[in-house]
Amino acid sequence: MTNRESDSGAEPVRCRSDLGRRVAQRREQLGLTREEVATRAAASSGFLQYVEESAAEPGIGFMLRLASALDTTVAELVGGTTELPAGFGKAAAHPEFLALSPAECRARLSTHGVGRVAVTVDDAPAVFPVNYTVAGELIAYRTAPEAGPAAAAGHEVALEVDHLDDAFSQGWSVLVVGRAHVVTDSHESRRLEEQAHTAPWVGDGRHEWIAIHPTRITGRRIRVMGAHAPSRATP
C-alpha cells in the first residue's frame, strides 16, 4: 500500500467493535481511503469513521451500500459467515472461470491473512494453516521449531491462499510453490517482524521465520458478473 494521508488506513484504526474492525480491515485490503469508501456508499467520511471506531449499529440500507462499496457482503462484515463451512453455495447462473496473472496473484497474496502450507511430516503429507506475510519476493510465516509447519524448511513446499464468497458463489485461489528455509539472519528476521501485518493466532512461542522463495505462482478465480461493484481489488 502506498503512503497516503492518515485517513487511508496506513495508520492504526482504533476499532471498538467487530464490525468496525472488519470494515477497516477490508478498506485497507482494497487500498481505499475513508473518503473513497464513503463516496461509494453515499455517506460522509465522518460517519464511516464513527462506524470503524465506535460501537455503531448502522441500518440495513447503509450496510448494503457499504458492503457493495467494499466489494463484499453484509454477512461478511458482521461476521455472520465465520462459523459456516465454505462451499455450500449453489453455482451461479453464468459464472466465469478465469486464470489470474502473476501480478493479480501477488495482489491477492499481499492482502495478507491466513494460508495453508503443505509439507511432509514423518513421511506423510500434512497441511497446516499459517498466518503469513509478504515481504518483497518472499512469502514468510512464523512457527515454533518443533511445530508441523517448521517441516517445510529445506524442502519444496506449496502454500495456498483463497477467499470464498458463498453468498455469490464466487472466489479465488492462489497457489505458491517454492523452496523454504529457516531465516537465520537477524536483520532479515527483524525486517519480517516489522512488515508482518498479523501475529500467529496461537499466541506466543512462534518466533522462527520460515521463508518461501516462490518458483511458481498460479491462481484461479470464479467470477459472477454483476455480483459486486467493481473495485481495485478485483480487476
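In the predicted model, the buried residues of helix H1 are Leu-19, Gly-20, Arg-22, Val-23, Ala-24, Arg-26, Arg-27 and Leu-30, and the elements that cover them include helix H2 (34-40), helix H3 (45-53), helix H4 (60-69) and helix H5 (74-78). Helix H1 itself comprises 13 residues, 18-30, and the distance of 18 Å between its first and last C-alpha atoms is close to the 18 Å expected at 1.5 Å a residue. The residue that follows H1 is Gly-31, which adopts a positive phi near 70°.

The axes of the two helices, H1 and H3, approach within 6 Å and cross at roughly 120°, an angle that makes H1 oblique to H3. On the H1 side the contact involves Leu-19, Gly-20, Val-23, Ala-24 and Arg-27, which meet Leu-48, Val-51 and Glu-52 of H3. Classified by residue type, this contact between H1 and H3 consists of 5 nonpolar, 1 polar and 2 charged residues. Leu-19, Gly-20, Val-23, Ala-24 and Arg-27, which H1 contributes to the contact with H3, are also listed among the buried residues of H1.

At the level of the whole chain, 7 helices and 7 strands are found, and their order along the sequence follows the pattern α-α-α-α-α-β-α-β-β-β-β-β-α-β. Of the 235 residues in the chain, 40% are buried, while the accessible surface comes to about 12900 Å², with 54% of that area belonging to carbon and sulfur atoms. When contacts in the chain between residues at least 6 apart in sequence are considered, 69% of them join residues at least 24 apart.

Two C-alpha pairs illustrate such separations in sequence. Phe-97, located in strand S1 (residues 95-100), is 125 residues from Ile-222 in sequence, yet the C-alpha atoms of Phe-97 and Ile-222 are 4.7 Å apart in space. With a relative accessibility of 21%, Glu-104 counts as partly exposed.

Asp-71 is placed in the loop between H4 and H5 and, at 6% relative accessibility, counts as buried. Asp-122, by contrast, occupies the loop between strand S2 (113-121) and strand S3 (124-135), and its relative accessibility of 75% places Asp-122 in the exposed class.

Definitions and conventions:
Residues numbered from 1 in each chain as written. Predicted model: local features only at pLDDT ≥ 70, side-chain atom pairs only at ≥ 80, totals over all residues. Heavy atoms only, no water. Helix = DSSP H or I, 4+ residues; strand = E, 2+ residues; numbered from the N terminus. Expected span 1.5 Å × (residues − 1). Buried < 20%, exposed > 50% of the residue type's maximum accessible area, 1.4 Å probe, protein only. Contact = heavy atoms within 4.5 Å. Axes fitted to C-alpha atoms, helices over the stretch in contact; angles between N-to-C directions. Parallel < 35°, antiparallel > 145°, perpendicular 65-115°, else oblique. Nonpolar A, V, L, I, M, F, W, Y, C, P; charged D, E, K, R; others polar. Areas by Shrake-Rupley, 256 points an atom, 1.4 Å probe, with all protein chains shown as cover.
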